[in-house]
Amino acid sequence: MNNKNKRLYNSIRFNSVIGNILVSILFIIFFVGTFVFASGFFIEYIIESKFAEEQERISTISKMYEEGKDSKDIKRILDASDTSFIVVDSKDKVVYQNGENTCGANGKYITMDNGSEQMFVYPDTKADYLYPKDNGSLGFKFKEFSNKLVELYNDGDIYFSLTSEEVHSFNLNTSEEDEGVVVSYYKNEKAEKAIEDIKVPIWISIDLEDGNRFIGKALLSINIRDVILAFEILIAFLAFVILYIIIIVIITIFSAVNQNRIKKLFYKDMSTDAYNWMWFVVKGNKTLRKGINAKNNYAVVNLEFKNYRNYCLCHSIKEGDKLLSRMNKEINKHLNSREMCAHATTANFALLMKYDDTDQLQMRIHEIIKALNDLEKDHEFTFKAGVAVLESEDIFKVGKEASRKRRKNVNIENVYNNASAAKVTIDDVDGAEIRIFDKKLFEEQQWTDFVHEKQWQALKGEEFLVYYQPKYDPKTNNLNGAEALIRWQSPEAGFITPGRFIPIFEKNGFITEIDHYMISHVARDQKNWLDQGMRCVPISVNVSRAHFVESDLAEQIVKMVDDEGCPHNLIEIELTESAFFDDKNAMIETIRKLKNYGFSVSMDDFGAGYSSLNSLKDMPLDVLKLDADFFRGENAGERGEKVVSEAIKLAKILEMRTVAEGVEEKEQVEFLKDQGCDLIQGYYFAKPMPKSEFLERIDQWQNWRVTEE
């Protein structure tokens with residue numbers, strides 16, 4: 001799964017539900033925090049404004065006391081007032097008292113919000129709802145105050161009544177103080193409504209000029225309607241939060257439902273109407289990485305329906321999709337609940353299977369293939385399966401317990417790729433259906449990757465070496481030609497034979513670069529040898545069938561040879577027989593151009609495949625190379641000799657020279673000489689050799705020729 005699909009999957013998986021919940025929680029936290037902050041600020045503002053009023057009143061009374069402490073009339077007025085106060089000396093001894101003394105200890109300085117002044121205050125001993133805090137502000141015991149109101153209500157000290165005009169009335173059955181809560185009565189005759197002010201006490205200390213301190217009882221008036229309004233706002237806020245939570249829950253449920261629908265659509269394969277590759281990757285990785293599954297052996301299977309295209313061609317794509325859907329259902333019948341199947345690509349199914357041993361696994365896969373073949377009696381289906389196994393993880397000890405390593409880093413896409421690599425190695429003609437990815441295949445994969453990685457480096461660094469295998473005339477033993485063959489001298493891998501890299505180059509298209517390389521280097525060698533006065537013989541160079549899609553191939557070869565300054569008659573172009581089954585007309589045109597430019601053209605490996613006499617009839621070839629298989633194995637013997645003999649005769653009739661390759665025994669040489677074969681190439685005369693050894697052969701042959709003459 002690429003990064004783009006991962007991001008898409010994660011956005012579908014998380015954003016729709018969890019995102020909504022997180023945003024809602026953050027919003028609620030923000031709203032509650034704002035409400036609490038605003039409420040606290042509002043309460044603090046109310047308390048301090050009430051406190052300022054009472055402080056002014058107590059200050060006025062303290063001045064009256066100080067100015068008229070020697071006046072009986074003023075003392076009489078102060079004594080008659082309902083304000084409780086005490087006067088203490090510097091040692092906190094009470095020197096004068098009016099009313100009940102409920103002043104508490106542990107007074108502290110407080111500072112008003114405006115910072116203009118500081119005051120020393122004491123809590124009340126009976127009702128300490130207001131108190132000075134250590135940080136210099138007034139504290140209010142809201143919880144205790146609320147509990148007290150509820151207690152008074154439950155005891156009947158406060159009751160509610162409804163007037164004829166449907167107005168709430170609050171009454172108190174006593175006008176006396178009850179633990180510091182004082183209720184004053186105000187009458188509104190029209191509304192017949194009682195309004196009460198709850199007064200909360202705190203004692204304020206004011207310094208007098210004589211060194212004493214006046215400590216008066218301030219009563220902060222809290223209107224009960226304000227309290228009720230505050231409770232109503234709180235209840236409304238809680239109702240809003242609850243309603244919001246309910247809405248969020250409903251939205252979350254709908255989001256979860258929609259998310260599930262989107263996930264199903266995301267995991268749905270349009271051809272089979274079942275699970276797709278994305279589901280297989282996500283679910284498969286989760287399954288393999290679970291710790292509980294580390295003890296199990298798993299196999300990832302790439303099952304290919306080989307003739308799906310033909311089925312769609314004969315019927316329709318729609319019918320093909322229906323067949324794939326039936327196959328998907330049939331496969332799932334053979335899997336248990338912990339195994340998986342998904343439609344991976346056009347004609348491929350991805351399977352995740354548990355197994356105990358590979359024999360049992362292959363038997364199950366064969367059963368699945370047989371069941372798929374039986375889906376339609378009128379059609380013969382063919383399948384092949386690549387398998388990559390994941391054995392149970394190693395056991396290790398944790399204390400006294402035995403545990404297993406989890407497959408934390410396993411990636412099912414990589415495992416499926418190994419299964420696909422195993423499937424590709426199944427030869428269509430060998431009858432195999434199943435191939436398990438093993439160490440050998442893994443090494444082949446590594447080698448292929450190495451070749452791909454190093455091919456351009458090798459080309460530019462001229463790591464490819466040109467080897468030459470001489471061709472001899474069996475009648476005279478003269479060296480009359482050679483074939484250029486390639487080898488690879490790699491700094492990393494050492495000496496590499498062509499069988500290990502040429503097939504890879506043919507698959508990845510790099511073979512065309514090798515063709516250019518070989519033609520240029522052979523032409524360069526021929527030119528150098530000519531300049532040294534050596535007698536040169538024609539050297540054949542293979543040109544792959546991939547090159548013949550290019551209409552200017554002949555012109556390319558001419559340019560490469562001319563750039564090196566080599567005569568055209570010293571270069572022979574070899575074409576494999578398989579190339580003749582591509583674009584025949586283009587092939588004929590290219591051969592004619594090459595001959596017109598002075599090159600010889602030969603057909604290599606004649607008889608290796610399904611040889612066509614039409615190829616010999618239509619192609620204006622110069623040389624016919626008989627494949628080595630004619631001289632070994634089942635083709636050898638009397639029947640093989642008859643075929644070779646007739647092939648040589650046919651070539652002579654068509655005015656073509658013949659070269660027999662792969663000749664290793666003297667009897668074969670004698671037979672070919674008797675049949676009139678022009679040249680022999682094989683180990684009997686010489687193996688492929690480096691350029692230096694080939695030059696020695698040419699030199700020896702020239703010296704021998706001079707001696708003979």
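**Entry 1: ground rules**

I am working from a predicted model, in which local features need pLDDT of at least 70 and side-chain atom pairs count only at pLDDT 80 or more, while totals for chains, interfaces and linings use all residues. I number residues from 1 along each chain as its sequence is written, and the side-chain values use heavy atoms, with hydrogens and water left out.

**Entry 2: the chain as a whole**

I looked up the secondary structure and found 18 helices and 27 strands in the chain; helices (H or I, at least four residues) and strands (E, at least two) are DSSP runs, numbered from the N terminus. Of the 709 residues, 45% are buried, where buried means under 20% relative accessible area, exposed means over 50% and partly exposed lies in between, with a 1.4 Å probe and protein chains only. I then took the contacts between residues at least 6 apart in sequence, and 63% of these join residues at least 24 apart; contact means heavy atoms within 4.5 Å.

**Entry 3: helix 7 against helix 8**

I looked at helix 7 (residues 317-333) and helix 8 (residues 358-373), whose axes come within 10 Å and cross at roughly 145 degrees. The axes are lines fitted to C-alpha atoms, for helices over the stretch in contact, and the angles run from 0 to 180 degrees between N-to-C directions. On the helix 7 side the contact is made by Met327, Glu330 and Ile331, and on the helix 8 side by Ile368, Ala371 and Leu372. I sorted these contact residues by class and got five nonpolar, no polar and one charged; Ala, Val, Leu, Ile, Met, Phe, Trp, Tyr, Cys and Pro count as nonpolar, Asp, Glu, Lys and Arg as charged, and the others, Gly among them, as polar.

**Entry 4: salt bridges**

For a salt bridge I required a side-chain nitrogen of Lys or Arg within 4 Å of a carboxyl oxygen of Asp or Glu, and by this rule the count comes to 27.

Arginine 364 lies in helix 8 and glutamate 339 in the loop between helix 7 and strand 13 (340-345), so the pair ties together parts that are 25 residues apart in sequence. Arginine 364 is buried at 17% relative accessibility, and glutamate 339 is also buried, at 6%.

Lysine 370 pairs with aspartate 374 in a salt bridge whose closest N and O atoms are 3.3 Å apart; lysine 370 is exposed at 54% relative accessibility, whereas aspartate 374 is partly exposed at 35%.

**Entry 5: aromatic rings**

I counted 33 aromatic pairs in the structure. Rings of Phe, Tyr and Trp (its six-membered ring) pair if their centres lie within 6.5 Å, and planes under 30 degrees apart count as stacked, over 60 as edge-to-face and the rest as tilted. Phenylalanine 266 and tyrosine 267 form a tilted pair, 6.1 Å centre to centre with 55 degrees between the planes; phenylalanine 266 is buried at 18% relative accessibility and tyrosine 267 is buried at 9%. Tyrosine 684 and phenylalanine 685 form an edge-to-face pair, at 5.0 Å centre to centre and 90 degrees between the planes. Ring pairs also link a cluster, with Trp447, Phe450, Trp456 and Phe464 among its members.

**Entry 6: single residues**

I checked aspartate 525 in helix 12 (residues 511-531), and aspartate 525 is buried, with a relative accessible area of 7%. Leaving aside residues up to four places away in sequence, aspartate 525 touches Tyr468 and Lys691.

Most residues other than glycine have a negative phi. Aspartate 92, in the loop between strand 1 (85-88) and strand 2 (94-98), has a positive phi near 65 degrees and is exposed at 51% relative accessibility. Asparagine 477 has a positive phi of about 60 degrees, and its place is in the loop between strand 19 (464-472) and strand 20 (479-490).
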